[in-house]
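Trainee: I am new to this one and would like to learn how to read it. Could you show me the picture and take me through it step by step?

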2 protein chains.
Amino acid sequence: MTTVSRYTANKGQLPILANILIEADRSGVFLSATNLEMGIRVDIGGMVEVPGSITVPAKNLAEFVNSWPSGTIELELKEEKLTVKSSKSQATFATVDAREFPSIPKSPEGGVDVPSGIFKEIAGRVAFAASVDDSRPVLTGVRFIVNDSNLVVVATDGFRLSQKKIIVNTDIPAVILPARSIIELAKLAEGETIKMNVVSENNQVIFDLGKTQLTSRILEGNFPDVAKIIPKEFRTQVTVDREEMLKAVKSAGIFARENNNIVKCLISGGQCLVRATGSQVGENEATLDANVEGDEIQISFNYKYLLDFLNSVSCERILMKFNESVSPAVFMEEKDETLIHLIMPVRV
Amino acid sequence: MTTVSRYTANKGQLPILANILIEADRSGVFLSATNLEMGIRVDIGGMVEVPGSITVPAKNLAEFVNSWPSGTIELELKEEKLTVKSSKSQATFATVDAREFPSIPKSPEGGVDVPSGIFKEIAGRVAFAASVDDSRPVLTGVRFIVNDSNLVVVATDGFRLSQKKIIVNTDIPAVILPARSIIELAKLAEGETIKMNVVSENNQVIFDLGKTQLTSRILEGNFPDVAKIIPKEFRTQVTVDREEMLKAVKSAGIFARENNNIVKCLISGGQCLVRATGSQVGENEATLDANVEGDEIQISFNYKYLLDFLNSVSCERILMKFNESVSPAVFMEEKDETLIHLIMPVRV
């Protein structure tokens, strides 16, 4: 109930989206909710005496059910009111006809079995680089590029980009899915695999997780050509301790906030200096031991992008690759070539 | 550092109150902060090479120190800038002269040793009934009434009242302290006892917790005469299971929110019905087994006050005492006479 109610839309133009759809038929009781981008349908079991369907406000129903945590409840629809009874308590809810609820496609037969871990990986390493601004919808998505058994997943908000190569043994459909859907999917995933089905006529993907089905809109539009954006050669390559770099960027951020979030990295023989100056507060400088190959460089970044990358990986050391102070920089895990994170520097 | 920075005032008229005072003298290093209602002074130890004192913005300094969690740091004051150095990192902060910082009185000799548990008890059972509205400052306080070895502690916001009797063996001063100070004191209390000292000339109380000193303003004004408010006799006495009552009030609250938070209790032979109606959402009724002595009664309350009381106690069953549906109701733990909680009913 609580899970389902997360997928309602409260601020939309369609009040019905704040409701939860309850369907009772011979196969059991199902709860559904949708915000039009994502939809969820959960099989909650139950004995059905008389089949029927109705919608009720999700928030109130979920709160009510949560306040009586244990035991079974009885649902009865009578004169357009839904009565929910437990042994000690009884509540009546106003309803809206089920026919006003947007249809959520049901999972067709067939589909591709995808290991759940892949979606957790994409949610943690890639999806955060997608845009949260809906003005260019395609950038709020994660793109799946498929070559034989190689899956390449990319997201970019125009300021940074995350690309992960994953070896898969199934034909994952080459679609662009909202990053939010991937993040939800990773949260819901419990079993070993998730069945993935494209429903072309609705332009949607259905993820079948067993008792739960998650439906996601497929995004359309021209996704940036990633191959052209990622540099192939670099003048400077640096490795530093990830944990130390994280601390340095965090403390620089305290000062950078007063100066457009700008943090400067100064790379020279054996050292990486992370520096920030805030006009009011003061200034900050951290010195990290670094393994530097190639030219010295000074390059500035929005510290939030650095933090996002550093928090998304768990390796001991990271590899940073630079050309000019105005060219895109690449960040990787030291011993893993499959993840490429690109951040555009700030010109100062 | 984080503890101390909680006591700063960020929205006040005095920008200096957002700063933390750092004092270094022969006895060590001390951090202080105050929001004029409460002040804190913590002995953080440390080696002092050159004594001095200065103030810096608390938020930035605390965040900076937290981003480098381990190891010692070095503080140096030079040309009105404070430099904080650790092995890998160095930051410089803008400062304000220590003479602009309000003085926090230091703990005098003597004072009364009070068991820490008393303050935790008062914070949990009494302080929440104080007002959060500063229009009548005295009602934001907790009143300590002392008769021999009996301490009576009361708080009321005019709609409900909490009174707890505690047997003590020391002469606790009969003062009115801000409920917020008591709640903070309960959070900070670690040792067995807290030394309490009244500094009359400042109208303040100093609580000495060892390394930490908390200073609180004493409130002045006419506190309501509690003895006159609490009824002595009742027409109806009811005991119910606390946990069941809590669930009933919580679920009623979902509906009551649409109807001025009003929840109705219907007491009759062997039963306590808790009912709420929200015009839009629907309605709710819970039936509790109750041990009822005396007259039947229907009485309505703001469900939030009922929740606050039910959450403040941990007994198995509660005792509720009523007269008329417009007269104050008294709530107690079934087997403990020392706590009296009074709630004014809502007239409907």
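Trainee: Which strand of chain B pairs with β19(A), and over how many bridges?

Mentor: Before that, a word on what you are looking at. This is a predicted model, in which local features need pLDDT of at least 70 and side-chain atom pairs count only at pLDDT 80 or more, while totals for chains, interfaces and linings use all residues. Residues are numbered from 1 along each chain as its sequence is written, and chains are lettered from A and ligands numbered from 1 in the order in which they are written.

Mentor: Now the general idea. Strands (E, at least two residues) and helices (H or I, at least four) are DSSP runs, numbered from the N terminus. Two strands pair if DSSP finds at least two bridges between them. Here β19(A) pairs with strand β7 (residues 89-94) of chain B, in the antiparallel sense and over five bridges. Within this pairing, Glu283(A) stands opposite Thr92(B), and Ala286(A) stands opposite Ser89(B).

Trainee: What does β7(B) pair with inside chain B?

Mentor: Strand β6 (residues 81-85) of chain B runs antiparallel to β7(B), and five bridges join them. One bridge pair is Val84(B) with Ala91(B).

Trainee: How many residues does each chain bring to the contact?

Mentor: Residues are in contact if their C-beta atoms, placed from the backbone, lie within 7 Å. By that rule, 29 residues of chain A and 29 residues of chain B take part. On the chain A side, α2 (58-67), β7 (89-94), α6 (242-256) and β19 (282-294) each supply at least two residues. β19(A) gives the most, with seven residues.

Trainee: Which classes of residue make up the side of chain A that touches chain B?

Mentor: For classes, Ala, Val, Leu, Ile, Met, Phe, Trp, Tyr, Cys and Pro count as nonpolar, Asp, Glu, Lys and Arg as charged, and the others, Gly among them, as polar. That side of chain A has eleven nonpolar, ten polar and eight charged residues.

Trainee: At what angle do α2(A) and helix α6 of chain B cross?

Mentor: Axes are lines fitted to C-alpha atoms, for helices over the stretch in contact, and angles run from 0 to 180 degrees between N-to-C directions. The axes of α2(A) and α6(B) (residues 242-256) cross at roughly 175 degrees and come within 9 Å. Angles under 35 degrees count as roughly parallel, over 145 as roughly antiparallel, 65 to 115 as roughly perpendicular and the rest as oblique. The two helices, α2(A) and α6(B), are therefore roughly antiparallel to each other. Asn60(A), Glu63(A), Phe64(A) and Ser67(A) in α2(A) meet Lys247(B), Lys250(B), Ser251(B) and Ile254(B) in α6(B). This helix contact has two nonpolar, three polar and three charged residues.

Trainee: Which strands stand at the edges of the eight-stranded sheet in chain A?

Mentor: Start with the strand order. This open, antiparallel sheet of eight strands runs β4-β1-β2-β3-β15-β14-β13-β8 in chain A. β4 (52-57) and β8 (112-115) of chain A stand at the edges with a single partner strand each, so one side of each has no neighbour in the sheet. From one strand to the next, the twist averages 25 degrees. Within the sheet, β13 (residues 193-199) and β14 (residues 204-208) of chain A pair in the antiparallel sense over five bridges, and Lys195(A) stands opposite Asp208(A).

Trainee: Which strands does helix α3 of chain A lie across?

Mentor: Helix α3 (residues 116-125) of chain A lies across β8 and β13 of chain A, at about 60 degrees to β8(A).

Conventions: Two residues are in contact if their C-beta atoms, placed from the backbone, lie within 7 Å.
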